[in-house]
Amino acid sequence: MKQMGNWEKKLTRQVMAALLASAAMGTTAFAAEAVHGESADVAADVYELEDTVVTAERRPTKKMETPANTTVITAREIEDNHYQSVDEAIGHVNGVSIVRMAGGLRSYVRINGDERVVLLVDGQKLNDAQGGFGRASVDLNMIPSMDNIQRIEVVKGGGSALYGSDAVGGVINIITKNAVKNETKVDINTGSWGSHNYAISTQGKENDFSWFITGGLQKRGHFDYKFDGNSPTMANSDYNNNSFSMKLKNRLSDSDSLALSYAHRSVDAGQYECYGLISNPNARLRENFNNYNVTWNFKEDTNVPGYVSFFYNYKWIDQSGSFSTRTMGLDAQYGWLLNDYNTLITGVEWHQSNSENAASGYYGKKLTNRSIFLQDTWKFAKKWTLVPGMRMDNHSMFGTHWSPKIAINYLADADTQVYASWGRVFKAPTADDLYTYNPGWSTFGNPNLKPETGYTATVGMNHNFNEKTSVGISFFYSRLKNVIAWPEVRTFVWEATNIDEEKRRGMELSFKQELSPMWSYDLGYSYIKREATVTGSPMAVDPSNLQPNGYRIGVHYNSGAWKANLLGTIGSGLDAQYYNNNSSYNIWDFNLSYDIKKNLTAYFKVNNLTNQEHYEQKNSTYGYYPCGGRFYQVGLTCTF
């Protein structure tokens, strides 16, 4: 095994020193709560608070007491910016980048430069066995609506101990709203490229029963992009999307409730290839997502509630040949307040996928994973909290893997937090990795692959200068072995292979300030270096890194009936030979809204204000995959 560099050694020593220092300290009283999603109807107001997070420790904790790098996007932010999709909302988070495939028909997220990210909706895992771009295994676009989202929590850094395979780069948990009143909202907008969107949501309560239902229609005629100073129209790039979601909840008692949810999304769109190649100008992309969940929440009137949840996810895609995955699972979590110092949570999970991909030559391939996790939150001194955890995964193909984790939080005072964490990670191969046999495209899976394993480490600090000004800084490092890649082993022949190792390291700096009741701004910078190697070769920088240096700028105005936001996403340090001689990009989005009256709002948006040339991924053998150019949108929302 190659020796770590000085940077990696120093970070590892810092993490281990912080963790070991905790063992010599004393104890004080501590009380904790735990919920699955939102455990009670009245929790809606609590979850609007940005300083409370649930996902990092699988229970609600104050952000300053959580030993992780977290970001919360609230329902208010979603509404004020009129975000139309999850990828649009989290794309403005510092340290996060979005790979938008096929003009945005598919969107994959990278956290700390890693595609291995778990996506949850109310704790339900949406990752499936067929994967997507790179090592990603979930499409952000399967989320049907933004109207029913209460908050989006982004946890950066490894989370395999609590969330298992895929949680290498981080975890995103979308927490949906509980109905708290009788209300209907309609959103209608139109814009560039022949786009028209119609959305409706309705919520209500009657005694112990409540409902939240959404529906939407999206249509687009094409999209334009910037290339070599021109703004051509992408051929065969129309888009049609229908969506529906439903959440029904019945309170059985003061301590028990039963929730049923269903989410649907279907797409019919033109399937363009890339700039320079249109192999079939009439090809269509069709997608169908159907996700079901039923959850029994119990002990909701205690500090450590639990849940039992069954889910069934179905994905079907036709893209020059159809493929599908059925994933079902049974999850349960329970918690105990052991004493004044310790809160223990434990859980079990059983997940099974059944995948087929006729174009890739396999049918009815089942993968099953059984797991159990245990975590203790121990406040052992007035300012110190230690969080050890362990997960055991038993995979039907790869046997048993253990993923330990340890984290520590030091609350120097009410406004200053220092944290550190270290954990093992585990990522199983997807069905495509294992079973693909497609001589027509010369792509071949490998049933002898090994799972990806390694560790991640994070150290960070957050400080509030006052109620209006805050700063945060964090450093991360990850190292994986047996990384799965698809190299070109012979001319035009690609095969799934375990390469030697992959490293990621970087840092993140953020600053927020409220200048007045009307004006505020936020700044962010992230540095991410991705490297990989095969045995006997030196480490090589990954040219597909979309944000070696990432910058976030947000300027916000809110006065009376008017709201305005200017959002900048800037990337630099790209390898220009892979991005049409562009080593940087500057994307600016702007939105303006006016409350005509209490329940009626008009809004105007411009995405990519300067019509910047930029790309979804590095160029392929055939050409470039450009992102959309300047896009205008005007809309109206009405609530009654």
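Visitor: How do strand 27 and strand 28 run?
Guide: Antiparallel, with two bridges joining strand 27 to strand 28 (residues 493–495). Strands are DSSP runs of E, at least two residues, numbered from the N terminus. Two strands pair if DSSP finds at least two bridges between them. This is a predicted model: local features need pLDDT of at least 70, side-chain atom pairs count only at pLDDT 80 or more, and totals for chains, interfaces and linings use all residues. Residues are numbered from 1 along each chain as its sequence is written, and side-chain values use heavy atoms, without hydrogens and water.

Visitor: Which residue is the bridge partner of Glu488?
Guide: Trp494, in strand 28.

Visitor: What order do the strands of that open sheet have?
Guide: 23-24-28-27, four strands with mixed pairing. Strand 23 (437–438) and strand 27 (488–490) are the edges, each pairing on one side only.

Visitor: New topic. Where does Gln352 lie?
Guide: In strand 18 (residues 342–357).

Visitor: What does its side chain make a polar contact with?
Guide: The side chain of Thr368, at 2.9 Å. A polar contact is a pair of N or O atoms within 3.5 Å; within protein, one must be able to donate a hydrogen and the other to accept it, and residues adjacent in sequence count only if both atoms are side-chain atoms.
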